[in-house]
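Here's a friendly walk through one protein model, meant for someone meeting it for the first time. Have a look at it before reading on.

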Amino acid sequence: MPARALSAARPLSVALALLAAPAVAQAPKVPPPRAPATAPDPAFEAMRAAFEALPEAERKALQDALVWTGDYNSVVNGAFGRRTFEALNAARARTAGADPLDPRSRAAILAAGEAARKAVRFTVLADPASGAVLGVPERMVPKRSAVPGGTRWQSADGRLTLESRSFPAGSTDLEALFARATAPLADRKVTYKLKRPDFIVVTGETASGRSYLRYAAGPAGIRGFAIGYEAAQAADVDRLVIAIANSFVPFPNAPAEAPRIAAVPATKPPATGLPPAGMTSQVTAPQVTAPQVTPPQVTPPQVTPPQVVGTGLVVAPGRVLTASSLVETCPNLRVGAAPAKVLRSERGLALLEAAGLPAPRLPGLHGTSASEDRVVVAADGAGVSVAPGAMSGEARVTAPLQPGSAGAPVLDRAGGLAGLVARYPAAPRLVAGVVPPASFPVIPEDVIAAFLAEGGIATKPSAATAGSVGAAASAVGGAVIGLGCTR
């Protein structure tokens, strides 16, 4: 398992244990919470009644969305329990007490969850190398390579690694894999371990990392996955671990068991089975040929994504804020099929007018904070991308921004608007086809506030508290849009 990627806080470990049951079976039974000495909680029972009145598909969709908003850390099964109750109450707290189960609140929760899922391009894949089905955050782990009996997905900087794994029937057993995964190591502490006749789960930690390992046994052998990441990434990756575990189907019997599956091309394993830098395998995979599993034949629709040259933030009805560098390089900007008229352009900012815009959702302005952490939300052909970053000197942000990021809002971790990306290079440096973290100029929030005030658009300070990357990105909702160019 991952070396510096081995760590798991107890709440995450317990939550992942619940997810350890085979995806096609019931979750393992967990002892119910001790009954209170007094009468049942009326709020709990009322929420249970409202939740259970929904169709099963809607209940599961809500739980899944709450995983992505960071509120729910258990199995998505449509059943109401204490974790679902707490997750819905967390959603209520963010909406000034609005009932999380009324139609409007449910729609908002589902939209926030879908936005977070799309932000990392989470796709459920049929992996022919292992024969399993699992979800992959493709935007976060763009590097893919073959390993014996599986596939490795890794981030550009090597700090996040996801692997699928498989062992043919008779080559090993869960007992041996469990013993190896929990063996004492000087630099690792096992934080949770669970062994059942048909699956095992092990989480662990080192001084700087976390990991989660799961294997399931069946007639075709043993299949599983492992994920390792740095402890500093926990706020953003912990929910991914839960989402991946919820998506995992070790032995899919039919395409219908794995919705939204995209086939992964099979690749020949490399000559060496060594793990990537920063990871040490807790299980030595035998050098064997992986089972030949034919993935479902899913042909994606042939859609040409729009060419995005920059990003805009809807700040008022029919008004878009962006960087004036876009106007300088393309005087004929457009929003979708609608032309964008330049109303003002100064101080590095431009205010555009366009029809057919989403409802404005101007975030509060960044307040005073010792944290230099930032989140950049930029448009791309698939929707939006979310890049974590940090301030690097006066009015600059360092982040792995991709083309189309000029004009993108720069947020603090509480979702407060801290600036806009002023410009993006015409020919950025690429590493393996991806732009690595670099320093970009930022137009600060005080300049933005003055610019908008002169145009009659009021701003206000952010009152939110610090949160995760996904929570910060949800502050701008669907107000981040792509800007095209008509030559």
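Predicted model: local features only at pLDDT ≥ 70, side-chain atom pairs only at ≥ 80, totals over all residues.

Residues are numbered from 1 along each chain as its sequence is written, and side-chain values use heavy atoms, with hydrogens and water left out.

**The whole chain**

The protein chain has 10 helices and 23 strands; these are DSSP runs numbered from the N terminus, with helices being H or I of at least four residues and strands being E of at least two. Of its 487 residues, 48% are buried (under 20% relative accessible area, with exposed over 50% and partly exposed in between, using a 1.4 Å probe and protein chains only). Take the contacts (heavy atoms within 4.5 Å) with a separation of 6 or more: residues 24 or more positions apart account for 66% of them.

**A sheet built around S9**

Seven strands make an open sheet in the order S3-S4-S5-S9-S8-S7-S6, with antiparallel pairing. Strands count as paired if DSSP finds at least two bridges between them. S3 (143-147) and S6 (189-195) sit at the edges with a single partner strand each, so one side of each has no neighbour in the sheet. From one strand to the next, the twist averages 10°; axes are lines fitted to C-alpha atoms, for helices over the stretch in contact, and angles run from 0 to 180 degrees between N-to-C directions.

Here are the two partners of S9:

| Strand | Residues | Bridges to S9 | Sense |
|---|---|---|---|
| S5 | 160-168 | nine bridges | antiparallel |
| S8 | 209-218 | 10 bridges | antiparallel |

S8 forms a hairpin with S9, with two residues between them. Ala217 stands opposite Ile222 in S9, and Gly209 has Glu230 as its bridge partner in S9.

Helix H6 (residues 174-181) touches S5, S6, S7 (199-205), S8 and S9, and its direction makes about 5° with that of S7. Helix H7 (residues 234-247) touches S5, S8 and S9, at about 170° to the direction of S9.

Why is S9 largely enclosed by the rest of the structure? In this strand (residues 221-230), 10 of the 10 residues are buried, so the rest of the structure largely encloses it. Gly221, Arg223, Phe225, Ile227 and Tyr229 point one way, Ile222, Gly224, Ala226, Gly228 and Glu230 the other way, and all are buried.

**Two crossing helices**

The axes of H2 (residues 42-52) and H4 (residues 82-93) come within 11 Å and cross at roughly 95°. The pair is therefore roughly perpendicular, a label for 65 to 115 degrees, with under 35 roughly parallel, over 145 roughly antiparallel and the rest oblique. Ala43, Phe44, Met47 and Phe51 of H2 meet a group in H4 that includes Phe85 and Leu88.

**The cores**

A nonpolar core is a set of buried Ala, Val, Leu, Ile, Met, Phe, Trp, Tyr and Cys residues joined through side-chain atoms within 4.5 Å. The largest one has 52 residues, and Leu321, Leu352, Val376, Leu401 and Ile448 touch the most other members. A second, separate core of 46 residues includes Phe44, Leu101, Tyr212 and Ile244.
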